[in-house]
Amino acid sequence: MTDRAAATEKERWGVDGLSFGVALGGVSNSREWLRNLEWADFAERYGLHSIWVPEMHFVPGGCSTPLLNLAAIAARTKSVRLATTSLLLPLAHPIDLARDVATLDHLCAGRLILGLGRGFPQHL
């Protein structure tokens, strides 16, 4: 890889060496939502690389609307990257998902990292 190509990769991913992020769970009440926002403020203030939110349903700590959660965090932050650990593709219409992801990516000025998942255990 050329030096220019390596520089382009660093710009794209925002990673130059070891980076740290924080993984947040879902929220089931306003107290937990405020805690997640405090973690987002912490990540921004101390220069963490990213905030990660999973999509999970019907379990404690699950997050049923990760893109909506990240949109709220995007409104509070300027530099930390916003990420899904596992956006569950089979649960959304492709056009709706593409629209929502593109809107969030524009809202956060390209800081979105999209992690995709294929589903969750059948017993849930």
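## Fold

From the N terminus on, the elements run α-β-α-β-α-β-α-β, giving four helices and four strands. Helices (H or I, at least four residues) and strands (E, at least two) are DSSP runs numbered from the N terminus. The model is predicted: local features need pLDDT of at least 70 and side-chain atom pairs count only at pLDDT 80 or more, while totals for chains, interfaces and linings use all residues. Residues are numbered from 1 along each chain as its sequence is written, and side-chain values use heavy atoms, without hydrogens and water.

Of the 124 residues, 34% are buried (under 20% relative accessible area, 1.4 Å probe, protein chains only).

## Largest pocket

The largest pocket has a volume of about 240 Å³. A pocket is an open set of points on a 1 Å grid over the protein atoms alone where a 1.4 Å probe fits, with protein on both sides within 12 Å along at least five of seven lines; lining residues have an atom within 4 Å of a point. The volume is the space filled by probe spheres set on the points, which are joined across faces, edges and corners.

The lining has 17 residues, with Pro 66, Leu 67, Leu 87, Leu 97 and Asp 100 nearest the centre. α3 (66–76), β3 (81–88) and α4 (94–107) each supply at least two lining residues, and α4 gives the most, with six.

## Val 101

Val 101 is found in helix α4 and is buried, at 14% relative accessible area. Not counting residues up to four places away in sequence, Val 101 touches Leu 67, Leu 87, Leu 112 and Leu 114 (contact: heavy atoms within 4.5 Å). Val 101 and Leu 112 are eleven residues apart in sequence and 8.5 Å apart in space, C-alpha to C-alpha.

Technical notes. Buried means under 20% relative accessible area, exposed over 50%, partly exposed in between (1.4 Å probe, protein chains only).
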